[in-house]
Amino acid sequence: MQVRSAWPDHPDYRIAATPCPFRAQVWLGEVLLAESDRCLVVTETDHEDRLYFPESDVRWQLFTQSEHTTVCPFKGEASYWSLADPVIRDAVWTYRSPLPEVAAIGGHVSFYHEVLRVVVLEDWPDGSAVATSFPLWGDAAELCRLMDVEQVDAGRFVGPAHGPTRRNVVEGGQLLGEAIMAAAKTFPGQRITSASMIFAKAASFDAPVDLAVEVLRRGRTFSSAQVRVSQHGVLRSAGVVLADSGADDVMRDVQRMPDVPGPDEAVPFSGFGMTGREIRVVDGAYDPDPDRVGPPEIDVWVRFRDTPGDNRLAAALLAQSTTHWTIAAGMLPHPGLGEARAHVTLSTGIMQATIAFHDDVDVTEWLLYTNRAIWSGRGQVQGDGRVFSRDGRLAASYTIQAMVREFAAEPAAMGHDSRTAM
């Protein structure tokens, strides 16, 4: 079939095929469908990234060829294969004669990560291989770059842009981390002991954020500041941060770490698309299955591959992970609900987060986040959490208030999709 190329009419269109730095796999349940260390990451204008595997690295005995074909004016004619058992139609495709502009994808095939599990495997210094779902958001180093805000004037900081993403909404935990960094740079020599932020309006990844720090009190012992985060001149979040010069113990009493299975017994979680961080969920409780029912509790082990080299950034990284779990914990007692519905039929988001820092810990060692949703109703979920080191030290405590509501209209009717609705 002769495909009419759209490249002459759209010279600004971009498709890049770059070598993937990781080994990659495709799974259906416990069945491995493909594995390769020679994949290509294909990045295309207005499309999600796709991972293309060499044809020779696919277990073709599990597939049957389909009669289905499609035409892309930028890549050529695509042929398809279906998974044989169970039948998943047209799950993998290839461009046998790609257009010259994308010749690199010849001899490669891609899989729908919407129906199959596509992961990359990152080798860690301890010899483990940590799986992360594809497409990738980025890595932990990029998260540090975003939260390490730059001072541009007295009381003014800028957090850099990341670029458009699959769901172009900045998590509240990242804004909390950026506020912590701005306050820490405002009060050098003092340690941030707590931060409380409300999230008034979602921020996007494709533009920088501006942080205005108003010092409420600069003291020799305690200092405090209000931090306001804006984007395009619109307020996105605001809060108060407290700093302390430190003191010796007058007394010490610490809540004990709960007796939960350790990281070796927990279930690896790959779903956030960020390399450089490993997550394991006790009993696999962070589960998109709407039919799973259990107590409103999620316990999660988290560690980072590399140290950020800055205690302030370590605190920001610790805080960023606190906002991941409360909404899912609140859903667990209720049949028919699940994270799979978030941003599809349910409007969900963190509205307020408050964290207090206690003992300093190493974020490259396993940290246990205990999350309890203590109340849900009236379109909200309230929860609290603790962060413990593996040896039982209490690193931080936090509270989360979140929103869980039915959409007043379907996301598509509001001009949104599952990537942007909030």
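Visitor: Is Asp264 buried or exposed?

Guide: Asp264 is exposed, with a relative accessible area of 57%. Here buried means under 20% relative accessible area, exposed over 50%, and partly exposed in between, with a 1.4 Å probe and protein chains only. Keep in mind that this is a predicted model: local features need pLDDT of at least 70, side-chain atom pairs count only at pLDDT 80 or more, and totals for chains, interfaces and linings use all residues. Residues are numbered from 1 along each chain as its sequence is written, and side-chain values use heavy atoms, with hydrogens and water left out.

Visitor: Which residue does Asp264 meet in a salt bridge?

Guide: Arg390, at 3.8 Å from N to O. A salt bridge is a side-chain nitrogen of Lys or Arg within 4 Å of a carboxyl oxygen of Asp or Glu. Asp264 lies in the loop between β18 (234-244) and β19 (267-269), and Arg390 in the loop between β25 (380-389) and β26 (394-406), so the pair ties together parts that are 126 residues apart in sequence. Helices (H or I, at least four residues) and strands (E, at least two) are DSSP runs, numbered from the N terminus. Arg390 is partly exposed, at 44% relative accessibility.

Visitor: Which residues are linked with them in a network?

Guide: The network of salt bridges links Asp126, Asp264, Glu278, Arg280, Arg303 and Arg390. Within it, the closest N and O atoms of Glu278 and Arg280 are 2.8 Å apart. Glu278 counts as buried at 5% relative accessibility, and Arg280 is buried at 15%.

Visitor: Switching to aromatics, how many pairs are there?

Guide: The whole structure has 18 aromatic pairs. Rings of Phe, Tyr and Trp (its six-membered ring) pair if their centres lie within 6.5 Å; planes under 30 degrees apart count as stacked, over 60 as edge-to-face and the rest as tilted. One of them is Trp7 with Tyr13, edge-to-face at 5.9 Å centre to centre and 75° between the planes. Trp7 is buried at 12% relative accessible area, and Tyr13 counts as buried at 13%.

Visitor: And which residues form the aromatic cluster with Phe53?

Guide: Trp60, Phe63, Trp81 and Phe111 form one aromatic cluster with Phe53.

Visitor: Last one, how many residues of helix α3 are buried?

Guide: Eight of the ten residues of α3 (residues 311-320) are buried, so the helix is largely enclosed by the rest of the structure. Among them are Leu313, Leu317 and Gln320.
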